[in-house]
There are 2 protein chains.
Amino acid sequence: MCLGLKLTKLLLRAWIIVYSLMEKQRDFSEWYIQSIDNAGMVDKRYPIKGMNVWTPYGLRIARLMNSYMREEMSRTHHEEVLFPVLVPEDQFLKEADHIKGFEENVYWVTHGGLKPLDVRLLLRPTSETAMYSLFSLWVRSHTDLPLKVYQIVSVFRYETRQTRTFLRVRELSFFFESHTCHVDQEDAERQIEEDLKIWKNLAHKFALPYLLNKRPDWDKFPGAHYSVVPDTYVAAAGRALQMASMHHYRDNFSKVYDITFEDSEGQRRNVHQTTYGMSERILGAIVAIHGDDLGIVLPPDVAPIQVVIIPILAKGQKARVTKEARAFYRELAEAVRSELDSRNMRPGPKFYEWERKGVPLRVEIGVEEIEGGHITLCRRDTGRRRRVKREVAVERIVSALRRIQADMEARAHREMKENIHTIGAYDETPSKGIIRAGWCGRESCGLRMEERLDRGLLGTPFFGEDFKGHCLECGEETTMVAYAARSF
Amino acid sequence: MCLGLKLTKLLLRAWIIVYSLMEKQRDFSEWYIQSIDNAGMVDKRYPIKGMNVWTPYGLRIARLMNSYMREEMSRTHHEEVLFPVLVPEDQFLKEADHIKGFEENVYWVTHGGLKPLDVRLLLRPTSETAMYSLFSLWVRSHTDLPLKVYQIVSVFRYETRQTRTFLRVRELSFFFESHTCHVDQEDAERQIEEDLKIWKNLAHKFALPYLLNKRPDWDKFPGAHYSVVPDTYVAAAGRALQMASMHHYRDNFSKVYDITFEDSEGQRRNVHQTTYGMSERILGAIVAIHGDDLGIVLPPDVAPIQVVIIPILAKGQKARVTKEARAFYRELAEAVRSELDSRNMRPGPKFYEWERKGVPLRVEIGVEEIEGGHITLCRRDTGRRRRVKREVAVERIVSALRRIQADMEARAHREMKENIHTIGAYDETPSKGIIRAGWCGRESCGLRMEERLDRGLLGTPFFGEDFKGHCLECGEETTMVAYAARSF
């Protein structure tokens with residue numbers, strides 16, 4: 001490439017970066033919509049608000065993420081099941097707290113064909129009430145326990161608030177929910193520990209940092225004994241984002257749905273239960289946290305296309321370059337998920353398109369590369385370009401992907417950490433970020449803190465934290481800390 | 001094993017076979033329910049009739065079958081998408097024929113939370129009306145064509161007739177639907193040809209025989225130009241079973257949903273469309289056709305567990321046998337989908353359980369086998385047992401599975417063929433089976449034939465058949481043949 005062209009490219013790139021440096025920060029909401037749209041992940045033009053069409057690229061990302069969930073489930077001996085979408089009204093009405101949590105947000109099926117149904121049906125918002133009447137048949141004896149099942153399915157929430165792709169939708173297409181039954185509270189506790197290990201592995205794959213919060217009682221899942229939640233932080237939006245939840249139900253549901261077993265002494269007892277929920281919200285977090293002003297940036301483990309190869313065709317050398325690009329593609333495809341973009345287009349628009357799709361690594365092969373015996377690599381996350389010797393190119397790409405994954409995770413982690421502010425008095429409250437402050441644990445103080453901080457309490461760190469200070473509200477000495485933030 | 005034990009086993013087996021020889025024939029419906037239940041494929045006790053819970057084993061079979069569909073789709077460059085479950089009433093009401101076909105069979109969502117919805121929503125019975133408003137945005141120019149997408153999703157039919165697992169249900173959990181758009185009728189024709197090739201490959205995997213019928217006009221899909229359907233025959237039930245359908249829509253839907261493109265001359269034209277539908281009905285066909293009096297029999301390609309290894313533990317030799325069984329399992333698992341049943345139970349009940357799960361091949365390893373340097377194989381489809389030298393056991397198992405697959409397909413094919421009866425006059429009509437007879441092609445004759453044969457017309461062979469004879473009804477000379485049968 002001649003120097004003039006190189007300079008033009010550099011300037012163009014600098015301009016895009018400078019221009020767009022503002023974009024994500026300036027108007028996060030607009031940026032978020034545009035990035036998803038430009039990447040071709042979903043089509044928002046479906047004629048029901050809050051219900052999106054998954055287009056092929058978005059679907060491939062979601063499926064890849066689901067495959068990691070399935071791997072973790074298989075490792076921990078959960079079995080996959082599939083329950084019907086519809087739940088009869090009478091099943092749903094059994095657990096009072098649970099209904100109260102959902103009654104404003106469920107879709108009701110009232111007619112079959114032209115006639116009203118005898119029993120109204122609802123589209124599951126989650127599957128407790130669908131599953132538990134069956135669990136009471138499946139669980140008979142202590143030898144049936146623990147029962148550990150999961151499914152990845154569509155669930156429905158009639159959202160009245162503003163919807164936002166992946167984050168607040170009316171149909172969650174990939175709601176993961178595992179449900180377990182145990183002999184006692186302690187064994188259910190151990191399940192929560194296993195869930196947290198699973199989450200840790202997944203968060204690593206998704207390159208997402210998080211705080212593990214035990215939600216305050218007034219904000220736990222309807223019907224739960226307690227709820228643990230990994231929250232992350234989207235700096236550009238100034239908002240925390242809940243990415244999953246693990247609930248310990250004790251025997252709250254099993255008493256209602258009569259899930260009992262005969263213990264080794266022949267005594268009938270109620271099981272203790274847990275659930276673990278996740279969804280495409282996590283994909284929303286990936287977009288929101290890793291994306292930059294060019295659009296989405298996919299961590300390599302989540303990218304259906306990890307490397308795209310772009311032949312740089314010069315006049316009279318097309319056949320030679322194409323041949324070399326094809327040969328390299330065949331070799332590379334054995335090692336990583338890759339694609340050769342051999343469309344009859346100029347390289348510039350191709351670069352742009354794949355950048356917007358968030359593909360982690362680009363390989364350029366042109367006459368210069370062939371003659372120099374190397375290839376050119378360009379990282380999506382940093383924009384850094386470098387040359388790599390042709391004969392070691394595949395292994396270098398493999399290790400580059402590993403490095404990108406680690407760098408993205410570290411960068412996101414750093415960003416979250418920088419946005420946590422420990423305060424000792426209300427007047428130290430910054431305008432943005434997560435607040436960390438002492439809390440005596442009383443609900444009255446917590447609720448007043450929410451009001452005065454203008455932020456919701458995310459809760460207290462599940463594994464505790466070394467802290468000595470005073471309750472932000474009442475000033476009482478405490479060793480307990482609470483996190484607070486505005487949330488999606 | 002001593003002779004006495006062997007004889008007892010043989011007698012027991014003979015008794016089971018003789019007793020149960022009657023079972024599938026005597027009461028197919030009951031046998032069908034029991035077989036599915038005994039295999040642990042679904043749980044029918046969900047509190048909505050016609051909606052089943054997929055338990056782990058059934059789900060694994062279904063997913064394996066879906067994976068073959070996805071492979072075929074990928075081979076033929078279809079892309080996977082995912083549309084919302086709900087369709088707005090106004091979208092649905094656009095195509096008149098289509099509505100008429102479904103209005104009695106759709107579930108209506110009328111309320112969100114406690115309030116009635118402005119626009120009623122229906123649970124898709126199939127996705128034409130959900131997809132086509134988006135297709136009109138996706139297709140702009142002839143360069144966007146052909147558009148080939150598919151999804152595998154839940155669809156809902158408010159069935160008023162008796163439901164039957166996999167065959168007639170209110171929620172189809174694995175409805176496969178591909179939808180394509182083409183520049184003209186001829187290209188859509190070519191798509192139907194591709195669909196038929198895909199079906200041929202799949203039917204081979206599923207070991208299912210079929211007749212390819214073009215449905216008579218009065219029985220085609222609502223809105224279609226024509227429908228092609230692979231029908232199979234379940235001899236034990238005396239009924240034909242539709243396993244899939246390919247529809248040529250011409251521009252019937254594209255005119256209504258305004259799916260147009262600019263051709264190479266700059267002219268706007270309507271696309272021609274096709275669809276291809278399948279579901280877990282195929283699994284129903286596998287159960288119904290291949291099952292025997294012991295329960296379901298899975299063709300090896302469809303079996304999540306192709307081989308089960310059962311250690312035959314003799315007193316004082318447990319460790320030795322277990323060790324050998326484990327070693328063999330590790331080796332075998334590299335080659336085929338296998339499982340080692342090391343539960344602390346006697347072999348008899350284990351045999352019985354795995355037979356009822358339809359696992360194609362059983363391996364027995366006991367002291368006798370170890371000392372003889374062999375293993376014992378037992379085929380689920382024939383019950384035949386034989387010894388195989390230990391050192392070639394894995395490769396013999398691989399080829400045995402291939403043979404079982406081929407034998408099952410051939411057997412089913414033979415059975416269907418034997419049940420096709422060509423008749424020249426009504427008084428030759430047998431009480432069971434598929435009727436093959438001349439037809440002039442007139443609707444009036446066809447409808448009368450249906451009445452007098454007490455069978456529905458499946459249609460005419462899609463690729464034609466050499467035939468010279470007379471219309472069964474009017475006696476007019478014809479070269480066209482029609483098939484008729486009672487159907488599920």
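In which strand of chain A does Arg250(A) lie? Select residues 244–250 of chain A: this is strand β12, and Arg250(A) lies in it. Helices (H or I, at least four residues) and strands (E, at least two) are DSSP runs, numbered from the N terminus. Arg250(A) is not a glycine, yet has a positive phi of about 50°. Most residues other than glycine have a negative phi, and most peptide bonds are trans.

Before the next stop, some conventions are needed. Residues are numbered from 1 along each chain as its sequence is written, and chains are lettered from A and ligands numbered from 1 in the order in which they are written. The model is predicted, and local features need pLDDT of at least 70, side-chain atom pairs count only at pLDDT 80 or more, and totals for chains, interfaces and linings use all residues.

**Stop 1: the cis peptide bonds**

Select Leu145(A) and Pro146(A), which are joined by a cis peptide bond with omega of about -5°. Pro146(A) is in the loop between α6 (128–138) and β7 (147–156) of chain A. Now select Leu145(B) and Pro146(B), where a cis peptide bond is also found, with omega of about -5°. Pro146(B) belongs to the loop between α6 (128–138) and β7 (147–156) of chain B.

**Stop 2: the domains of chain A**

Colour chain A by its domain assignment: domain 1 (22–208 + 243–290), domain 2 (305–403) and domain 3 (420–485). These bounds come from an automatic or database domain assignment. The centres of domain 1 and domain 3 of chain A, taken over C-alpha atoms, are separated by 30 Å.

**Stop 3: where the chains meet**

Show both chains together. The contact takes 41 residues from chain A and 41 residues from chain B; two residues are in contact if their C-beta atoms, placed from the backbone, lie within 7 Å. On the side of chain A that touches chain B, the elements that each supply at least two residues are β2 (53–54), α3 (56–75), β3 (79–80), β4, β5, α6 and β8 (171–182). β5(A) gives the largest share of that side, six residues. By class, the side of chain A that touches chain B has 24 nonpolar, ten polar and seven charged residues. Here Ala, Val, Leu, Ile, Met, Phe, Trp, Tyr, Cys and Pro count as nonpolar, Asp, Glu, Lys and Arg as charged, and the others, Gly among them, as polar.

**Stop 4**

Next, display β4, β5 and β6 of both chains. They form an open sheet of six strands in the order β4(A)-β6(A)-β5(A)-β5(B)-β6(B)-β4(B), with antiparallel pairing; two strands pair if DSSP finds at least two bridges between them. The edge strands, each pairing on one side only, are β4 (86–88) of chain A and β4 (86–88) of chain B.

Select residues 107–112 in both chains: five bridges join β5(A) to β5(B), and the two strands run antiparallel. Val109(A) stands opposite Val109(B), and Trp108(A) stands opposite His111(B). Within chain A, β5 (107–112) and β6 (115–123) pair in the antiparallel sense over four bridges, and Leu121(A) is the bridge partner of Val109(A). β5(A) and β6(A) form a hairpin with two residues between them, and Gly113(A) in the turn has a positive phi of about 60°.

**Stop 5: a sheet within chain B**

Which order do the five strands of the open sheet in chain B have? The order is β17-β16-β18-β19-β20, with mixed pairing. β17 (338–340) and β20 (385–389) of chain B stand at the edges with a single partner strand each, so one side of each is left without a neighbour in the sheet.

Select β16 (307–312) and β18 (361–366) of chain B, which run parallel and are joined by six bridges. Ile312(B) stands opposite Gly366(B) in β18(B). Finally, helix α13 (393–418) of chain B lies across β16, β18, β19 and β20 of chain B.

Note on methods. Axes fitted to C-alpha atoms, helices over the stretch in contact; angles between N-to-C directions.
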